[in-house]
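Work through the exercises below with the model open beside you. Try each task before reading its solution.

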Amino acid sequence: MLTPKQLTLGAMTVIICHHRRSLLEFHLTSKQLFGQVPRVAKKSRKKPSKAAEESALAKSARRCALCFALKGDLREKIGQIAHIDGNRANSVPGNLAWMCLEHHSSFDSITSQHKNYTKAEVKRYLAALYRIVADGKHLSISASPQFGRGVSADRKILESISDLMVESGSIEFVRRNNFAGWSFDWSSLRGIEEFAARGGPENEFIDPELEELRKTLHDSCRQLLSILATNTFPIRDRQSVPDDWETDQPERFWKVVSEIDAMTDKVCCSYDDLIRNARKRLLA
Ligand SMILES: [Zn+2]
């Protein structure tokens, strides 16, 4: 006499034997028969159409909607096209979004520990980003709060440099002064000396291009001070390239004078370059 369990197993064996051919045709394994879900062939990864991809790139200007909405970051990002509904075969333009690599990877990953970004959320962020890009506001640095902080720090640096150079009179002094045969008051260089002595990250621009210009000005100021310190001497509380060099060593005299002239030109040009660019970038 067979127990109910043996009966069930017996019946299944009969069914399996009976359907053996058809089961083999379906490539079902015994594991799949006993409780495991048959494997379904993965949908092939269809590449988004060129036009749909171009549209997502153009509308976002390669800004990531999640970076923008969550961090106020409107910088261009290295990224990938994401499928908002998770279906790679659905490449209608509304389903595609340019995302930075970090956000694309977290948007695509499924984790029970953390509530992931939802489709509705991403669509909302995307719509807001597309409006910003359509209005051209992504091009304005101040549109991003993250950059706003950098801009206000850089404005302070700009202000302190121009205040120092203008109030001390040093920039006007090097712009106008003739060092051939004229003495000068060393204190006229106070602004340049003080700027040349300033170091440390608190005196650097956050904007890398402005920082390059600041360094050029800094180097020019140091070089000018070094030439003046080695080639001018105090005469009755003032400083001058020695007069007698002009008659006794004219070659030396004119060499020094032309070096000083070239270096004052360099200081003025690098100062003007920095101030012009910084005003354009920070105050426009
Ligand atoms: Zn991002």
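Predicted model: local features only at pLDDT ≥ 70, side-chain atom pairs only at ≥ 80, totals over all residues.

**Exercise 1. Confidence**

Task: Find which element of the chain has the lowest mean pLDDT and which the highest.

Solution: 
- Start with the whole chain. Its mean pLDDT is 81, and 77% of its residues reach 70 or more.
- Now go element by element. Helix 2 (residues 20-25) has the lowest mean, 38. Helix 10 has the highest, 96.

**Exercise 2. Overall make-up**

Task: State how many helices and strands the chain has.

Solution: 
- Count the elements. There are 13 helices and 4 strands.
- Check burial. Of the 284 residues, 22% count as buried.
- Check contact range. Take contacts between residues at least 6 apart in sequence: 67% of them join residues at least 24 apart.

**Exercise 3. A covered strand**

Task: Decide which residues of strand 2 point one way and which the other.

Solution: 
- Locate strand 2 at residues 96-100. Of its 5 residues, 5 are buried.
- Sort the side chains. Leu96, Trp98 and Cys100 point one way. Ala97 and Met99 point the other way.
- Find the partner. Strand 1 (residues 79-83) pairs with strand 2 in the antiparallel sense, over 5 bridges. In one of these pairings, Gly79 has Cys100 as its bridge partner.

**Exercise 4. The cores**

Solution: 
- Begin with the core itself. It has 26 residues, and those with the most contacts inside it are Ile192, Phe195, Cys221, Leu224, Val267 and Tyr271.
- List the elements that give two or more residues. They are helix 8 (145-167), helix 9 (170-176), helix 10 (190-197), helix 11 (208-231) and helix 13 (250-283).
- Zoom in on Phe195. Leaving out residues up to four places away in sequence, Phe195 touches Ile161, Leu164, Met165 and Cys221.
- Look elsewhere. Another core lies apart from this one, with 20 residues, including Ala65, Cys67, Phe68 and Trp98.

**Exercise 5. One arginine**

Task: Explain why Arg279 counts as partly exposed.

Solution: 
- Arg279 lies in helix 13.
- Count neighbours. Arg279 has 13 C-beta neighbours inside 10 Å.
- Apply the cut-offs. A residue is buried at 20 or more and exposed at 12 or fewer. Arg279 falls in between, so it counts as partly exposed.
- Arg279 and Glu159 are 120 residues apart in sequence, and their C-alpha atoms are 9.9 Å apart in space.

Conventions. Residues numbered from 1 in each chain as written. Core = buried A, V, L, I, M, F, W, Y, C linked by C-beta atoms within 7 Å. Contact = placed C-beta atoms within 7 Å. pLDDT = per-residue confidence, 0-100. Pairing = 2+ DSSP bridges.
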